[in-house]
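I opened this model to look up how its parts are laid out. My entries follow.

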Amino acid sequence: MDDKARARAEGERFLAAFAAAGAVRVEADILQPAATLLDLYGEDIRARAFLTADPVRGELVLRPDFTVPVVERHMREGAEPARYCYLGEVFRRQDRAGGTRAAEYLQAGFEVFDRGDPAEAEAEVFARIAGLLAPLGLRAAVGDIGILIAAVEGLATTPARKAALRRHIWRPRRFRALIDRYAGRSPVPPARAALVAALAEGRGEALLDAAGPGTGLRTRAEVAARMAALAEDAAAPPLSAVETDLLGALLDLAAPAPAALSRLRELARDLAALAPAADRLDRRLAALADRGVAVEALGFEASYGRTSLEYYDGFVFGLYAEGRPDLPPVASGGRYDALTAALGSGPAIPAVGGVIRPGLALALAEGRA
Amino acid sequence: MRLRLGLPSKGRLMDQCFDWFKARGLALGRSGQAREYAAAAPGEAELDVVLMAAAEVPRELAAGRLHLGVTGTDLVRETLPDWAETVGEWARLGFGQADLVIAVPQAWIDVDTLDDLDAAAAAFRRVHGHRLRIATKYHRLVRDFLREAGVADYQLVDSQGATEAAVRNRAAEAVADITTTGETLRANHLKVLSDGLVLRSEATLFLARTAPWPEAARAARARLAQRLGLAQPDG
């Protein structure tokens, strides 16, 4: 058998384990409508996925993962609780010459939609995947985007600032720039300072008149609404040094999971909104320990998962070959409740899942990677 | 050994290229009829001059079918992934300057920076139910620039010409386009963001790094460098 056929056989072995855990095997079209992904991830997806088109259906994408089609299928016809598994190629675009990322590779995935105990579902997904890969001696990294979201919600600042920060959690540099601005640590751009000063003098309408008739879809009312938002933001007190320090400490938090939990409890004394997030981490670690996971060996990083695909909004994990930073994670996954809300029109469905790269797992096992 | 040099085949840019070489003592000229896409160099110059659309020069350099080529920095960076490894900048020619900029309607007095654009895009999407559209033909450059700046909730729509009119035509809310003086943008009621400069472009003599450079070609290149008064390129 060639490497690809053997990778598939290895994937089938993983899938059998997921099926034994009650997962229903599903397939997904390779060609997916691009609009869904573009709306979720924005233009960046064009640099990461293969887009194509036909004159009738418009833009299509070679599936970059199974999560979106599996969620859509679940919304359409699934009853809960539900668990799914799948095996198939995904396609990732190479935007850099000489890059080493594979353009297509197999993914074996396991997804759980369950409104029951979230810690239990997260522990199960992690433990099953880590268990299958245990012979490889991989290093596990975990994080929790929910902690950052909780920290942002807990800041003593305006709802508009919280919304802006929340929106940019997955863009670390932008997030940092916003914090600096809200803390008064970066200068106000001159044009904005002038505009805010003019608004304070009640010259807003006059400025709008002087700017002349608008072109395009964005209306004068929308411009006026944003001007009002700018005035409100300028009047808001800066973020306190206590809170920005706390946020910095949180973003830098990286420690073995039990130590990270203690640190989080300390931080929660100054930012009460972190307490429920710390409780969730506590319950998750207990559930993992119940499943035989050595939680003291889990590396917890509060910023983990911030630069990956935007849909993870809670627990995140990755399993890596030790000493091989050149390789992608052998497995990764996490919680993505918000994705189910974004794809459906209703409320979020609690969802957690993960994928293994059988080809990479096999190559590592055989010393070929 | 003769080197293959690609030059823009049309208009002012071609004339300026000819002028640039002529000023350095190398008189190139269109061979035969005016419509023929070939140019001649003096026999001793060891140059085969090929005329082609400026937009095709980057691809031909990358494929190794040209040793040398003149085109805009904008086209090289838009067309070639990892351009710095594929081609080398040998000389900036001092003409064909143009800026690739992000511009928005003048009536948007609340938008002066990329930070404003990002906030306006978020609000726009809430109101209109779709992402804020930016018309451009420089998809890669603009996307990389906006990603670097952390702008979200925008969408690039393709525009291969008369991009400044896209907003008035309601095909887009903003544009990313090449401008020299900004006059066309202003005439279409658009203004450039204060930090909206994506790239400063200029006609540039590139050399293909991926083309085969046997000893004879290197020697010819060295003689050409001397003749044109250019520094010997590295690599």
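I began with the two domains of chain B: their C-alpha centres lie 32 Å apart. Domain 1 of chain B covers 3–96 + 202–228, and domain 2 of chain B covers 98–201. These bounds come from an automatic or database domain assignment. The model is predicted: local features need pLDDT of at least 70, side-chain atom pairs count only at pLDDT 80 or more, and totals for chains, interfaces and linings use all residues. Residues are numbered from 1 along each chain as its sequence is written, while chains are lettered from A and ligands numbered from 1 in the order in which they are written.

**Where the domains of chain B touch**

I looked up the contact next. It takes 7 residues from domain 1 of chain B and 8 residues from domain 2 of chain B. I counted two residues as in contact if their C-beta atoms, placed from the backbone, lie within 7 Å. Which helix gives the most to the domain 1 side? Helix H3 (residues 73–79) of chain B does, with 4 residues. Helices here are DSSP runs of H or I with at least four residues, strands are runs of E with at least two, and both are numbered from the N terminus. I then sorted the domain 1 side by residue class: no nonpolar, 3 polar and 4 charged residues. Nonpolar stands for Ala, Val, Leu, Ile, Met, Phe, Trp, Tyr, Cys and Pro, charged for Asp, Glu, Lys and Arg, and polar for the others, Gly among them.

**Chain B overall**

I noted 8 helices and 12 strands in chain B. Its C-alpha trace spans about 65 × 35 × 25 Å along the principal axes. Of its 235 residues, 44% count as buried. A residue is buried if 20 or more other C-beta atoms lie within 10 Å of its own, exposed if 12 or fewer, and partly exposed in between, with C-beta atoms placed from the backbone. I also checked contacts between residues at least 6 apart in the sequence of chain B: 67% join residues at least 24 apart.

**Strand S8 of chain B**

5 of its 5 residues are buried, so S8(B) is largely enclosed by the rest of the structure. Leu132(B), Ile134(B) and Thr136(B) point one way, whereas Arg133(B) and Ala135(B) point the other way.

What does S8(B) pair with? Strand S9 (residues 154–158) of chain B runs parallel to S8(B), joined by 5 bridges. Two strands pair if DSSP finds at least two bridges between them. Leu132(B) stands opposite Tyr154(B) in S9(B). Strand S10 (residues 174–179) of chain B also runs parallel to S8(B), with 2 bridges. Here Ile134(B) stands opposite Ala174(B).

With helix H6 (residues 139–149) of chain B, the two strands make a right-handed β-α-β unit. Right-handed means that, with the strands pointing away from the viewer, the path from the first strand over the helix to the second runs clockwise. The buried residues of H6(B) are Leu141(B), Val142(B), Arg143(B), Leu146(B) and Ala149(B). Gly150(B) follows H6(B), and its phi is positive, near 75°.

**Chain A**

I counted 16 helices and 12 strands in chain A. The radius of gyration of chain A is 23 Å, close to the 21 Å that the globule rule gives for 369 residues, so chain A is as compact as a globular protein of that length. The radius is taken over C-alpha atoms, and the rule is 2.2 Å times the number of residues to the power 0.38. The C-alpha trace spans about 75 × 60 × 45 Å along its principal axes. Buried residues make up 40% of chain A.

Its assignment gives domain 1 (1–138 + 321–369), domain 2 (139–157 + 239–310) and domain 3 (158–238). I found 25 Å between the C-alpha centres of domain 1 and domain 2 of chain A. In their contact, 12 residues of domain 1 meet 13 residues of domain 2. Helix H5 (residues 118–132) of chain A gives the most to the domain 1 side, with 8 residues.

**Chain A against chain B**

Last, I looked up the contact between the chains. It takes 33 residues from chain A and 34 residues from chain B. H11(A) supplies the largest share of the chain A side, 5 residues. That side divides into 13 nonpolar, 7 polar and 13 charged residues.
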